[in-house]
Amino acid sequence: MDKELQQLQHLFADGNVRVEKCGIGKVNAALGAQRMINEFHPDVIVSSGCAGGHGDDLKIQDVVVSKEVSYHDVYCGRAIDDTTIYGQVQGLPARYQADAQLLEKAVALSNDEVRIVPGLIVTGDWFVDTKDKMRSIIEKFPDAKAVDMESCAIAQTCYINHVPFISFRVVSDMPLSDTDASQYHNFWDTVAEHSFQTTKAFVEKIKDEELKMKN
């Protein structure tokens, strides 16, 4: 979204980092990722945005980093292949795993000011603004830490193109304790500023380590 892009653009002035807005939803996310891969041939794609959180160990402004990602709104049925599970596109992984080295670097950034929690992010074309909808998602994915609208589509695109991928999602609201997305709107009104600094710290860590290797 524009407001997420604005949070990130001023953090990166380095020509080695390309900041792009993909737009909302799975199709926009996949198209944006593929265009970036085709035009810029990135070493890694980092998705950064906000998401609804789930779990007693999370609070608003915590950051969920994708240990793995899946779709919460995909079902290919059992008519042809009875091994394909809910959330899985037939012939592709049921869950896309984050690059292990990238995940390790991300988790290492957790500190007293910013908690970074690794876990499952589930993606679907649905803005979760009711408790009932969140419950229906968690029923199928009880281990999900965050629900968004882009991460898995980008992960699938990166998987097909053999590009390392990781996703950071700032918890903007907790749908199971929210009413009419009031926490989400309050997030942008009062606490969004500096919420995406973790993405900057992560990219700088990668660049610093690359520089050390070259030297």
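Guide: Start with a term: a contact means heavy atoms within 4.5 Å. This is a predicted model, where local features need pLDDT of at least 70 and side-chain atom pairs count only at pLDDT 80 or more, while totals for chains, interfaces and linings use all residues. Residues are numbered from 1 along each chain as its sequence is written, and side-chain values use heavy atoms, with hydrogens and water left out.

Our part is M149. M149 sits in the loop between β5 (144–148) and α5 (151–161). Helices (H or I, at least four residues) and strands (E, at least two) are DSSP runs, numbered from the N terminus.

Is M149 buried or exposed? Buried means under 20% relative accessible area, exposed over 50%, and partly exposed in between (1.4 Å probe, protein chains only). M149 has a relative accessible area of 17%, so it counts as buried.

Which residues does M149 touch? Leave out residues up to four places away in sequence. Then M149 touches I24, G25 and K26, and also T123, G124, D125, W126 and F127. Look at G124 again. It lies 25 residues from M149 along the chain, yet their C-alpha atoms are separated by 5.0 Å.

Take the contacts with a separation of 6 or more: residues 24 or more positions apart account for 79% of them. Of the 215 residues, 47% count as buried.

Now compare helices. In α6 (residues 182–191), the buried residues are Y184, F187 and W188. They cover an arc of only 85 degrees around the axis, which puts them on the same side of α6. The arc is that of the directions from the helix axis to the C-beta atoms. An α-helix has 3.6 residues a turn, so residues three or four places apart point the same way. The exposed residues D189 and T190 are on the face of α6 turned away from its buried side. Cover for the buried residues of α6 includes α1 (2–9), β1 (45–53) and β6 (165–173).

Helix α3 (residues 100–107) has the buried residues L102, L103, K105 and A106. Seen down the axis, they fall within an arc of 165 degrees, so they line one face of α3. The face of α3 turned away from that buried side carries the exposed residues A100, Q101 and E104.

Last, step back. The protein has seven helices and six strands.
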